[in-house]
Amino acid sequence: MAPQTSADGVTEQSFTLGEIPGVLFTPQDATGPRPLILMGHGGGQHKKAPGVLAGAHRFAAEGGFAVAAIDAPHHGDRPKDERFLRFAGDMRARMAAGEDPAELVSAMHDLLAGQAVADWQAVLTALQGLDHVGAGPVGYWGVSMGCGLGLPLLAAEPRIGAAVLGLLGVHGLAATAARVTVPVQFLLQWDDTRVPRDRALALFDALGSADKTLHANPGDHGETPAFETGHALQFFTRHLGMRSDASREDTGNSLL
């Protein structure tokens with residue numbers, strides 16, 4: 001598919017790897033290798049959800065990074081099977097009734113995690129074969145479900161060297177979080193009605209990373225301040241080492 005360039009100077013190129021639909025964001029006319037950031041969307045969202053698009057465009061335009069997002073299993077353009085639809089329906093019903101959905105959320109993440117990890121590893125390998133991405137440093141950004149699926153990925157994938165996570169509790173994830181040792185910036189909404197504060201703090205505490213920072217802000221689950229994207233950009237620039245002189249010359253490379 002032909003690339004489309006937005007007004008802010010970021011090229012978006014859609015791709016399909018096997019049955020995995022995704023999109024690669026790069027600075028306009030980028031050439032030469034650059035660090036790559038993988039972005040995991042939240043539950044019920046997709047690869048071009050508003051929060052993903054905002055972060056991806058800023059990481060590419062201001063930081064010079066390559067950024068990739070894919071549809072998680074049973075999300076976006078991917079088929080949804082009966083088991084997943086049943087889980088999703090149960091979760092919505094319990095949340096509408098004011099019940100604690102933590103156990104169902106954990107079960108859903110368990111259902112998706114194995115396939116999600118394999119998908120990301122395959123996409124990472126394919127993207128690192130591109131001249132304008134290369135086999136350089138890799139980061140991961142994912143909150144809420146993006147955190148729930150990102151933690152198993154970080155525990156399993158040594159190519160990822162830094163992560164922005166958060167908006168999730170510790171239920172079912174303590175052992176996996178302990179295996180995550182890369183630098184982490186963790187987001188927490190102090191008044192989150194979906195994720196009790198003590199459970200989010202417990203997940204932060206469970207992370208095995210020696211280098212981890214907690215960013216707590218007032219507000220509910222979906223009210224993370226926009227300035228946190230800037231903090232994430234600074235974090236990835238510090239840990240992934242993006243060159244300030246990254247080339248932006250024209251390239252004829254194709255994607256996947």
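These legends go with a handful of close-up views of a predicted model.

Residues are counted from 1 along each chain as its sequence is written, and side-chain values use heavy atoms, with hydrogens and water left out. Since this is a predicted model, local features need pLDDT of at least 70 and side-chain atom pairs count only at pLDDT 80 or more, while totals for chains, interfaces and linings use all residues.

**View 1. Strand S4 sits between two parallel partners, S5 and S6.**
Strand S4 covers residues 36–40; strands here are DSSP runs of E with at least two residues, helices are runs of H or I with at least four, and both are numbered from the N terminus. Five of the five residues in S4 are buried, where buried means under 20% relative accessible area, exposed means over 50%, and partly exposed is in between (1.4 Å probe, protein chains only). Look at both faces: Leu-36, Leu-38 and Gly-40 are on one side, with Ile-37 and Met-39 on the other. S4 pairs in the parallel sense with S5 (residues 66–70) over four bridges and with S6 (residues 138–142) over five bridges; two strands pair if DSSP finds at least two bridges between them. Find Leu-38 and you can trace its bridge partners, Ala-68 in S5 and Tyr-140 in S6.

**View 2. Helix H6 has a buried face.**
Which residues of H6 are buried? They are Ala-200, Leu-203 and Phe-204. Seen down the helix axis, these buried residues fall within an arc of 100°, so they line one face of H6; the arc is that of the directions from the helix axis to the C-beta atoms. Over on the other side, Asp-198 and Asp-205 are exposed. The cover over the buried residues includes helix H4 (145–156), helix H5 (174–178), S8 and strand S9 (212–217).

**View 3. Phe-59 and Phe-236 make an aromatic pair.**
A search of the whole structure turns up four aromatic pairs. Rings of Phe, Tyr and Trp (its six-membered ring) pair if their centres lie within 6.5 Å; planes under 30 degrees apart are stacked, over 60 edge-to-face, and the rest tilted. The ring centres of Phe-59 and Phe-236 are 5.7 Å apart and their planes meet at 80°, so this pair is edge-to-face. It links distant parts of the chain, with Phe-59 in helix H1 (residues 50–63) and Phe-236 in helix H7, 177 residues apart. Both rings belong to buried residues, and ring pairs link Phe-59, Phe-235 and Phe-236 into a cluster.

**View 4. Lys-212 lies over the face of Phe-204.**
Lys-212 is placed at 5.0 Å from the ring centre of Phe-204. A charge sits over a ring if NZ of Lys or CZ of Arg is within 6 Å of the ring centre and within 35 degrees of the ring normal. Both Phe-204 and Phe-186 are buried.

**View 5. Asp-119 and His-239 sit in two helices, H3 and H7.**
Buried or partly exposed: what is Asp-119? Asp-119, in helix H3 (residues 102–127), is buried, because its relative accessible area is 3%. Leaving out residues up to four places away in sequence, Asp-119 touches Ile-20, Ile-70, Pro-73 and Arg-78; contact means heavy atoms within 4.5 Å. His-239 lies in H7 (residues 227–240) and counts as partly exposed, at 28% relative accessibility. With the sequence limit of up to four places again applied, His-239 touches Ala-162, Pro-183 and Asp-211.
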